[in-house]
Amino acid sequence: MTSAGAYERTASERLRSARSLQCRICLAEDEKQNLISPCKCRGTQANVHVSCLSHLFEIMNTTTCQVCKEEYVMERKGLKAWREWSWPKPLSESWEDELDFRCAVLWSLFVARMFYMFVARGPTEMFEKVSGVLGDGKLYNFWWTSFALNMVYYSSILYSVVDNWIAANSAYSWKDNKGKNVK
């Protein structure tokens with residue numbers, strides 16, 4: 001091959017690479033219109049595919065750039081199609097969160113049963129059933145106090161689990177740092 005042919009090839013490669021950019025997540029080269037710059041990163045770290053950013057968000061569950069530490073701007077566009085939904089999960093994989101998740105599910109079933117008794121049979125009969133089992137002394141007062149504390153604790157866990165479930169099953173639109181919305 002002549003040096004002129006080699007020069008032409010490297011010049012055309014440079015021209016092609018000047019028009020195409022590289023996604024910092026998948027490292028694939030692509031046209032500028034297919035990439036966004038969702039944070040303050042510059043140079044080769046600036047551009048990502050929307051699909052790569054969405055996949056990273058699903059895996060990492062964070063909206064902060066790992067390089068420049070800026071928050072990505074995203075807008076919730078509603079829920080995904082119901083066939084794409086996942087089941088609710090514990091807040092983390094630690095055994096404490098797994099146990100809290102299971103206890104919160106069982107607690108919600110218990111509270112649903114208590115609510116049914118309250119609505120179907122009235123508050124007087126419900127209180128009579130509880131006092132019939134526990135008596136009217138200190139144990140009765142302790143039971144209602146622990147019921148109230150458990151209600152607050154497990155309600156906060158269920159709220160966090162449901163909030164994470166909604167976030168995991170929502171469709172998002174990412175904003176380019178230039179302010180334009182992209183899917």
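This is a predicted model: local features need pLDDT of at least 70, side-chain atom pairs count only at pLDDT 80 or more; totals for chains, interfaces and linings use all residues.
You'll find K69 in the loop between α2 and β3 (74–79). Its backbone is worth a look too: K69 isn't a glycine, yet its phi is positive, at about 65 degrees. As a rule, most residues other than glycine have a negative phi.

## The overall layout

The protein chain has five helices and five strands. Walk along the sequence and they come in the pattern α-β-β-α-β-α-α-α-β-β. The chain has 183 residues, and 27% of them count as buried.

How much of the contact list comes from residues 24 or more positions apart? Taking contacts in the protein chain with a separation of 6 or more, such pairs account for 55%.

L27 sits in the loop between β1 (20–22) and β2 (29–31). L27 isn't a glycine either, but has a positive phi of about 65 degrees. With 53% relative accessibility, L27 is over the 50% cut-off and therefore counts as exposed.

Now move on to the loop between β2 and α2, where H49 is located. Is H49 buried or exposed? Its relative accessible area is 11%, so H49 is buried. Leaving aside residues up to four places away in sequence, H49 touches C23, C26, A28, D30, N34 and L35.

The largest nonpolar core is made of 15 residues. Within this core, the residues with the most contacts are I36, L53, Y72 and W174. Two elements, α2 (50–60) and β4 (170–175), each give two or more residues to it. The top contributor is α2, which supplies four residues.

## How α3 packs on α5

Packed helices are described by the angle between their axes and the distance between those axes. For helix α3 (residues 95–121) and helix α5 (residues 138–168), the axes come within 9 Å and cross at roughly 120 degrees. The two helices are therefore oblique to each other, and the crossing is left-handed.

On the α3 side, the contact uses D100, F101, C103, A104, W107, S108, F110, V111 and M114. Their partners in α5 are W143, W144, F147, N150, M151, Y153, Y154, I157, L158 and V161. Sort the residues of this contact by type and you get 16 nonpolar, two polar and one charged.

## How α3 meets α4

α3 also has a contact with helix α4 (residues 123–134). Here the axes come within 6 Å and cross at roughly 130 degrees, so α3 and α4 are oblique to each other.

Which residues meet in this contact? From α3 come M114, M117, F118 and R121, and from α4 come P123, E125, M126 and K129. By type, they divide into five nonpolar, no polar and three charged.

Technical notes
Residues are numbered from 1 along each chain as its sequence is written. Side-chain values use heavy atoms; hydrogens and water are left out. A nonpolar core is a set of buried Ala, Val, Leu, Ile, Met, Phe, Trp, Tyr and Cys residues joined through side-chain atoms within 4.5 Å. Buried means under 20% relative accessible area, exposed over 50%, partly exposed in between (1.4 Å probe, protein chains only). Axes are lines fitted to C-alpha atoms, for helices over the stretch in contact, and angles run from 0 to 180 degrees between N-to-C directions. Angles under 35 degrees count as roughly parallel, over 145 as roughly antiparallel, 65 to 115 as roughly perpendicular and the rest as oblique. A crossing is left-handed if the near helix is turned anticlockwise from the far one by less than a right angle, and right-handed if clockwise. Contact means heavy atoms within 4.5 Å. Ala, Val, Leu, Ile, Met, Phe, Trp, Tyr, Cys and Pro count as nonpolar, Asp, Glu, Lys and Arg as charged, and the others, Gly among them, as polar.
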